[in-house]
Amino acid sequence: MMREMGVQMDVGLGVKCESTGVYTDTRKDKIIRPNKNYFSSTMWAKEREDTTLYIQCRVRAWFARKRAFTLRK
């Protein structure tokens, strides 16, 4: 058994390749293309860094507001 997309499938089920004596009807096959562009590892690293900086900024601002509130009290 193998796991694919959270569903258990038998190994025998799946894409079959043509071999001698076996004909696979391909007339109704569709070519599926991804709807989003792929990105490189450097783009992924930049996105992670930007997100990390955004979260750090928000958390530090939250701590600063919290500390200012306690100092005002």
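A charge sits over a ring if NZ of Lys or CZ of Arg is within 6 Å of the ring centre and within 35 degrees of the ring normal. The exercises below concern a predicted model, in which local features need pLDDT of at least 70, side-chain atom pairs count only at pLDDT 80 or more, and totals for chains, interfaces and linings use all residues. Residues are numbered from 1 along each chain as its sequence is written, and side-chain values use heavy atoms, with hydrogens and water left out.

**Exercise 1.** Determine which residue lies over the face of Trp62, and describe the setting of Trp62.

*Solution.*
- Step 1. Lys66 lies over this face, 5.1 Å from the ring centre.
- Step 2. Trp62 belongs to helix H1, residues 41-72; helices (H or I, at least four residues) and strands (E, at least two) are DSSP runs, numbered from the N terminus.
- Step 3. With a relative accessible area of 45%, Trp62 is partly exposed, a class between buried (under 20%) and exposed (over 50%), for a 1.4 Å probe and protein chains only.

**Exercise 2.** State in what order the elements of the chain run from the N terminus on.

*Solution.*
- Step 1. The chain has one helix and two strands.
- Step 2. Their order is β-β-α.
- Step 3. Of the 73 residues of the chain, 0% count as buried.

**Exercise 3.** Classify the aromatic pair of Phe39 and Trp44.

*Solution.*
- Step 1. Rings of Phe, Tyr and Trp (its six-membered ring) pair if their centres lie within 6.5 Å; planes under 30 degrees apart count as stacked, over 60 as edge-to-face and the rest as tilted.
- Step 2. The structure holds two aromatic pairs. In the pair of Phe39 and Trp44, the centres are 5.8 Å apart and the planes form an angle of 20°, so the pair is stacked.
- Step 3. Trp44 is partly exposed, at 46% relative accessible area.
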